[in-house]
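Here's a quick walk through one structure, written for someone who likes to know the cut-offs. Have a look at the model first, then read on.

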Amino acid sequence: MDFKQIDYLLEIRKTMSLNRAAESLNVSQPTLSYQIRQIESEVGFEIFQRAGRNLVITPAGEQFCSQLFNIRVEMRKAVEQCQNIGGRYRKSIRVGLPVRSALRLLPEAIRTLSSEYPDILVTPVFHDYGEFDRFLSGDTDLEFTETGYFSKSPGIKEEHLYDSMIYLIVRDDDFLASRDVISEGDLRGRTLMVGGGSPPQLEAVQNRVINNENIGYYNSHDHDTTMVNVAVGSGVCLSPGFLMGMDPGYRWIPFDCPEYFDCAVALKDNERRPYVNRLVEILKELYSSYRGPL
């Protein structure tokens, strides 16, 4: 099965019409029908069924096409990345991040590195918080992490960047939005968004607040879902400062607690490429003089 056949399947899934898919793909309908039969014969299950004049996708076909869509997206990214490297750039650095705001000064660091190494491409690779499979497998060169996370992992070192405090996130029209700092007691009677794979420090604060005060809680799947819930007024949430974006409509207020996040960048002990080590040095230099919110 090749990528042209994947495109055939995905276009049929999109249009749910052989005629429209064939027209969009600039192939004949008999050619498209033949290709579908060939694919189904190869994979061993039916992907589409005829229901009168309508086309129906089977449950197996739905799952299959969903996976193929993800594969096609990753393939397109890989091609674009290699086109960039092959055209203007000689080498690349891939930096793993949970969200774009985790390394707030990364764009400035990239600009500085580019002035010294104009043929080096730096690419952010976004993933769920704490998922380091790509780094461990060598797919990324640097990873945003917390100091101590890789302390028991041989061959990996961590370079401290900054300490990130915990913030309360509320709507900008919330009565708490005018406060300069929030204490546990300020949350009495409110609903707190929790869950979504919160790191241990944050869980400790959440549990303490819920147990000590008259506070309700609401399970929220992930950070993005939580932000939507805050926006619609379902509750408030506590969050590490390194997740702080610039989205309008929210207020991030420092929360009075001893817990914080010791943020670092991880790399391999045997990393000898000068441009990778230079990017780490630039990040450390930038954060050492940064006085903005973290």
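Let's start with a loop: Asn-26 sits between α2 and α3 (29-43), with helices (H or I, at least four residues) and strands (E, at least two) being DSSP runs numbered from the N terminus. Before going further, some housekeeping: this is a predicted model, so local features need pLDDT of at least 70 and side-chain atom pairs count only at pLDDT 80 or more, while totals for chains, interfaces and linings use all residues. Residues are numbered from 1 along each chain as its sequence is written, and side-chain values use heavy atoms, with hydrogens and water left out.

Back to the loops. Most residues other than glycine have a negative phi. Asn-26 has a positive one, about 60°, although it is not a glycine. Met-16, in the loop between α1 (3-15) and α2 (18-25), also has a positive phi without being a glycine, at about 50°. Here they are with Thr-147, which lies in the loop between β5 (142-146) and β6 (156-164). For the accessibility column, buried means under 20% relative accessible area, exposed over 50% and partly exposed in between (1.4 Å probe, protein chains only).

| Residue | Relative accessibility | Class |
|---|---|---|
| Met-16 | 24% | partly exposed |
| Asn-26 | 72% | exposed |
| Thr-147 | 38% | partly exposed |

What does Thr-147 touch, not counting residues up to four places away in sequence? Its partners are Glu-158, His-160, Asp-262, Cys-263 and Ala-264, where contact means heavy atoms within 4.5 Å.

Now for the whole chain. Its secondary structure comes to nine helices and 12 strands. The radius of gyration is 24 Å, well over the 19 Å that the globule rule gives for 294 residues, so the chain is more spread out than a compact globule. That radius is taken over C-alpha atoms, and the rule is 2.2 Å times the number of residues to the power 0.38. Along the principal axes, the C-alpha atoms fill a box of roughly 70 × 50 × 35 Å. Of the 294 residues, 44% count as buried. Among contacts between residues at least 6 apart in sequence, 73% join residues at least 24 apart.

On to the interior. In soluble globular proteins, nonpolar side chains tend to be buried together. A nonpolar core here is a set of buried Ala, Val, Leu, Ile, Met, Phe, Trp, Tyr and Cys residues joined through side-chain atoms within 4.5 Å. The largest one has 59 residues, and Ile-93, Leu-103, Leu-142, Leu-187, Phe-255 and Leu-279 touch the most other members. Helix α9 (residues 274-289) gives the most to this core, with eight residues. Apart from it lies another core of 18 residues, including Tyr-8, Ile-12, Ile-36 and Phe-64. As for Phe-255, its contacts beyond four places in sequence include Ile-166, Leu-187, Val-205 and Leu-238.

Finally, the second largest pocket holds about 330 Å³ of space. Among its 13 lining residues, Glu-74, Lys-77, Arg-94, Val-125 and Arg-134 are the closest to the centre. The lining divides into four nonpolar, three polar and six charged residues. Helix α4 gives the most to the lining, with five residues. A pocket is an open set of 1 Å grid points where a 1.4 Å probe fits, with protein on both sides within 12 Å along at least five of seven lines, and lining residues have an atom within 4 Å of a point.

Terms used. Grid points are joined across faces, edges and corners, and a volume is the space filled by probe spheres set on the points. Ala, Val, Leu, Ile, Met, Phe, Trp, Tyr, Cys and Pro count as nonpolar, Asp, Glu, Lys and Arg as charged, and the others, Gly among them, as polar.
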